[in-house]
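Q: Could you walk me through how to read a structure like this, feature by feature?

A: Gladly; let us look at it together.

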Amino acid sequence: MKKALLGILLLSVTIIAGSCKSKDPAILKVFVRSSSNQLMNGARVVIIGDQQSNPATMPYTDTSYTNSSGFTTVNMDDYFNTYADQTTGYFDILVKQNTKNASGYSRCRVHTTSVETIFLPN
């Protein structure tokens with residue numbers, strides 16, 4: 001009887017411990033602002049994995065556009081699912097709005113949201 005209860009207890013602990021894993025998505029949220037601090041709609045945002053970082057980030061590129069609220073969200077789960085052994089990645093951020101260009105840099109981690117703000121020049 002004790003062995004049966006012990007088995008049930010171990011099975012219960014294993015199921016509970018396995019279900020407690022973080023399942024939050026990895027998100028990179030990029031705000032684009034003008035030099036006068038206004039949020040910019042329709043700016044092109046390109047995310048590029050920095051292969052020169054330490055540790056090196058695997059090759060990755062994604063392009064999106066800011067919404068009417070001046071930001072875009074990039075689902076980084078695609079990167080972390082492709083390279084399952086990676087838990088951190090470093091990314092260059094390139095922004096273009098009409099003739100204005102700007103750049104930034106971000107560190108993303110699995111199961112977290114990273115937020116960056118890029119300011120366009122005058």
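Q: Which polar atom of a side chain does the backbone nitrogen of Gln 52 lie close to, and how far away is it?

A: In this predicted model, look for N or O atoms within 3.5 Å, with one able to donate a hydrogen and the other to accept it. Here a polar atom of the Asp 50 side chain lies 3.0 Å from the backbone nitrogen of Gln 52. Asp 50 itself is placed in the loop between strand 2 and strand 3.

Q: What about the charge on Asp 50: where is the nearest side chain of opposite charge?

A: A salt bridge needs a side-chain nitrogen of Lys or Arg within 4 Å of a carboxyl oxygen. Asp 50 is buried yet has no salt bridge, and the nearest side chain of opposite charge, Arg 107, is 12 Å away. Beyond its sequence neighbours within four places, Asp 50 contacts Ala 56, Thr 57, Tyr 90, Phe 91, Asp 92 and Tyr 105.

Q: Which peptide bond is cis?

A: Omega is the angle to check. For the bond from Asn 54 to Pro 55, omega is near 5°, and the bond is cis. Pro 55 lies in the loop between strand 2 and strand 3.

Q: Is Ser 64 buried or exposed?

A: The cut-off for buried is under 20% relative accessible area. Ser 64 has 14%, so it counts as buried. The residue lies in strand 3, and its side chain makes a polar contact of 2.8 Å with the side chain of Thr 72. Setting aside neighbours within four places in sequence, Ser 64 touches Ala 43, Arg 44, Val 45, Thr 72 and Val 74.

Q: How do I read a nonpolar core, and which residues have the most contacts inside the largest one?

A: Think of buried nonpolar residues joined through their side-chain atoms. The largest such core here has 20 residues, and those with the most contacts inside it are Leu 28, Val 30, Val 32, Ile 47, Met 76, Ile 93 and Val 95. At least two core residues come from each of strand 1 (27–33), strand 2 (44–49), helix 2 (77–82), strand 5 (88–97) and strand 6 (100–109). Take Val 95: leaving aside neighbours within four places in sequence, its contacts include Val 32, Val 45, Ala 102, Ile 118 and Leu 120.

Q: How far apart are Ile 27 and His 111 in sequence and in space?

A: Compare the gap in numbering with the C-alpha distance. Ile 27 and His 111 are 84 residues apart in sequence, while their C-alpha atoms are 7.8 Å apart. Ile 27 lies in strand 1, and its contacts outside four places in sequence include Met 76, Thr 112 and Ser 114.

Q: Which residues have a positive phi although they are not glycine?

A: Check the backbone angle against the residue type. Asn 37 has a phi of about 75°, and His 111 has one of about 65°. Asn 37 is found in the loop between strand 1 and strand 2, and His 111 in the loop between strand 6 and strand 7. With a relative accessible area of 43%, Asn 37 is partly exposed; His 111, at 33%, also counts as partly exposed.

Q: What is the pattern of the chain along the sequence?

A: List the elements in order. The chain has 2 helices and 7 strands, following the pattern α-β-β-β-β-α-β-β-β. Of its 122 residues, 34% count as buried.

How values were computed: Residues are numbered from 1 along each chain as its sequence is written. This is a predicted model: local features need pLDDT of at least 70, side-chain atom pairs count only at pLDDT 80 or more; totals for chains, interfaces and linings use all residues. Side-chain values use heavy atoms; hydrogens and water are left out. A nonpolar core is a set of buried Ala, Val, Leu, Ile, Met, Phe, Trp, Tyr and Cys residues joined through side-chain atoms within 4.5 Å. Buried means under 20% relative accessible area, exposed over 50%, partly exposed in between (1.4 Å probe, protein chains only). Helices (H or I, at least four residues) and strands (E, at least two) are DSSP runs, numbered from the N terminus. Contact means heavy atoms within 4.5 Å. Lys and Arg count as positive and Asp and Glu as negative; His and the chain ends are not counted.
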